[in-house]
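Please read it alongside the display.

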Amino acid sequence: MYKYNDFDAGFVAERNKQFRAQVQRRISGALSEDEFKPLRLMNGLYLQLHAYMLRVAVPYGTLNSGQMHQLANIAQRWDKGYGHFTTRQNIQFNWPKLPDVPDILDALAELEMHAIQTSGNTVRNVTADHLSGAAADELEDPRPYAELIRQWSTDHPEFQFLPRKFKIAVSGSAQDRAVTRAHDIGLRLVEKNGETGFEVIVGGGLGRTPMIGKILRAFLPKADLLPYIEATISVWNLLGRRDNKYKSRIKITVHEHGIDEISKLVEARFKELRPSFNGADQSLFDHIKPAFAAPAYKQHSTELFEQNYSNDPVFRAWVDTNVMAHQNVDYGIATISLKAHGQTPGDASAEQMHLIADLAERYGHDEIRISHEQNIVLPHVHKSDLPAVHASLKTAQLATANIGLISDIIACPGMDYCALATARSIPIAQQIATRFDELKLEHDIGELKLKISGCINACGHHHVGHIGILGLDRAGVENYQITLGGDATETAAIGQRTGPGFSADDLLPALERLITAYLDLRSEPKETFLQTYRRVGATPFKAALYPERAVRANAA
Ligand code: HEM
Ligand code: SF4
C-alpha cells in the first residue's frame, strides 16, 4: 500500500492548518456562510438537509486496518456511530459538528487520509476495480496508475477550477468492475502485441444526461498516461461550457463537438505537452509501484475450508455468493455485504468497522477495499481462514450472502440526508430487500443489479442498473420511474424507461410482477435477468409492469 512521503504528509498537514483557521473565522462570524462555502467545499465539507456532511476520499477504495479503525473512531467520537460508503469509494459522515471538523481532518491525516478534492470542480477521488491486485482475471493491478493520477491531480494548478467535477476510473481486468464507461475518463488496461497499455474512454457519465463513454484512444502506451490525460482535461477546460451547469461535463463537450474533433484536439495538445513531462512522471511511478506488491502469501493446507464447505450449508452459500476467485488458488476474495436485508445500503457502524479492521489484520494481510457497489472487500484471505472470517462476520450482521443478488442494492442517501433529493431511496431499498428475502427468491433470481437514486443526479447509478429506480417528485408526491436493461460493465448500456412511474406503495408490487415475468421468461435458470431482457426485449416486461395497459390494448 502507498505510504505518504514527507511531502505528502506536510501538504495535508498544511491544508488542515489553513482549514482550521477558516473554520475559526466562520465560527467567530468573520466569514459568512457564503464566504465560507468555497473554502469548506475544498475540504469535502457539504451542507446537507439536516447537518454538515464530510466526504472522505478512499483513493481507489484501498484502506489498511489502521485506517479503518480510525474511520470507526471518527464515527464514534464525532458522528452518530456510523459511516456511509458511497459509489465513489468515499466514506461520508453525515453528522459532524463544524467546530469538530478540523480535529476530524487531523485524525484522518494521522493515518494518511484526507477529504481534499472530494468536492468542487476538480479531479475527484480516483476510483478503481475493488478487486485490484487480487482478481484472478486481472491483467495488471491498476492501482499504481490510479495513485499516480491522484498525486498528479491533487492541487494541480490548472485544474482547480474546471467547468465541472471530473471523475476518472481505472480497471485492470477484462471484466470491468469500475464502471469505466460511465466516467469522464475511463482507463482500461489492455494488451496489444505483448505490450500493456490503456484503452482511454472519454465522455461517459450518469446524472441528468446519461451517456456511455466513447473510445478516445484504443491503445495508449503506459508512459504516456499523464500527458495524455492532461491533454484531454485541458482541451475540455478550454471548450467546456461554463455558461450552463447542466451542459458543463465533458460528456456534453464530446457530444457537441464529436469524438473525432475532440480526438484531434487532444492529440495535438498531447504532442505539445509530451516533452514537458521529461520523465519525472515515470520516476514518480517507479517510486509508487513497489508499494502495491502482492502480500507474502501463506503456504497452508486448504483442508479446513473444504471440510466446512461440504458440511456447512450456510458457509457454502456465503462462499458461493460472496467469495470471488483469487490470483492465488489457495486464496479467496471475500466481499462483506453492507446490505443486510432491511439495513441502509452502504452504512457500517463503528463496531462493524472495527471488526472488519480486526479481520483484515488477522486474516487479510492488512488490506481492505471499498467497492463502488457499497460493500467492503477483504481481498486476500487464505481459504483455511474463510470459516473463521465467516463466523466472525455472522456475529456482526455482516455475513449476508447476497453479493450480486437483488438485495445487494446501490442506493444514494435520497431524502433522508440529501438536500437535492426529490424522493426517498433508503426506505425503498430496505423494503425491496426485506420483501425479496421474505419471498426466499433471491438465490433463484440470481445475478441482478438493482440501483436507486433519489433524484436525476443519479448518484445511485440507476441508469446502469439492470433494474434502475429513479425517485421523482410529482406535485409533492414521490413517484418512482423504472428503467430496464442498464449495465455497468464492459458491455455498458443505459437503461430504458418503461413507462409512467409508480407511487411508493405501488412500486413493490410492480417489481414483484417484473421479477415473476423474468422467472417465466428465462430460457433456463442460468440465464440472468439482463440476458433475458436482451433476448426478449422490453415488451413482455412492460406488460408485466403495466397489466392494465395490456388489458386495454386487448380490449381495443
Ligand atoms: C449527499 C450529498 C450529495 C450531493 C450534494 C451530491 C450531488 C451530486 C450532483 C449534483 C450530481 C450530478 C452532477 C452532474 O451531473 O454534473 C451527482 C452525481 C453523482 N454522485 Fe452525488 N451527491 C451526493 C451524494 C452522493 C453519494 C452518497 C454518492 C454515492 C452513493 C454519490 C455519487 C455520485 C455519482 C456516482 C454521480 C454520477 C456522476 C456522473 O457520472 O455524472 N453522490 N451528485
Ligand atoms: S441522486 Fe440526488 S438525492 Fe441521491 S444523493 Fe445524489 S443528489 Fe442526492
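1. Both faces of strand S12 are covered, with Tyr331, Ile333 and Thr335 buried on one side and Gly332, Ala334 and Ile336 buried on the other. Buried here means under 20% relative accessible area, with a 1.4 Å probe and protein chains only, and strands are DSSP runs (E, at least two residues) numbered from the N terminus. Since six of the six residues of S12 (residues 331-336) are buried, the strand is largely enclosed by the rest of the structure.

2. The model is predicted, so that local features need pLDDT of at least 70 and side-chain atom pairs count only at pLDDT 80 or more, while totals for chains, interfaces and linings use all residues. Residues are numbered from 1 along each chain as its sequence is written, chains are lettered from A and ligands numbered from 1 in the order written, and side-chain values use heavy atoms, without hydrogens and water.

3. Strand S11 (residues 323-325) runs antiparallel to S12 and is joined to it by three bridges, pairing being counted when DSSP finds at least two bridges between two strands. A hairpin of five residues connects S11 to S12, and Ala325 stands opposite Gly332.

4. S12 is also joined by five bridges to strand S15 (residues 376-382), again antiparallel, with Ile336 opposite Ile376.

5. Cys459 sits in the loop between strand S17 (450-453) and strand S18 (467-474).

Definitions and conventions:
Helices (H or I, at least four residues) and strands (E, at least two) are DSSP runs, numbered from the N terminus. Buried means under 20% relative accessible area, exposed over 50%, partly exposed in between (1.4 Å probe, protein chains only).
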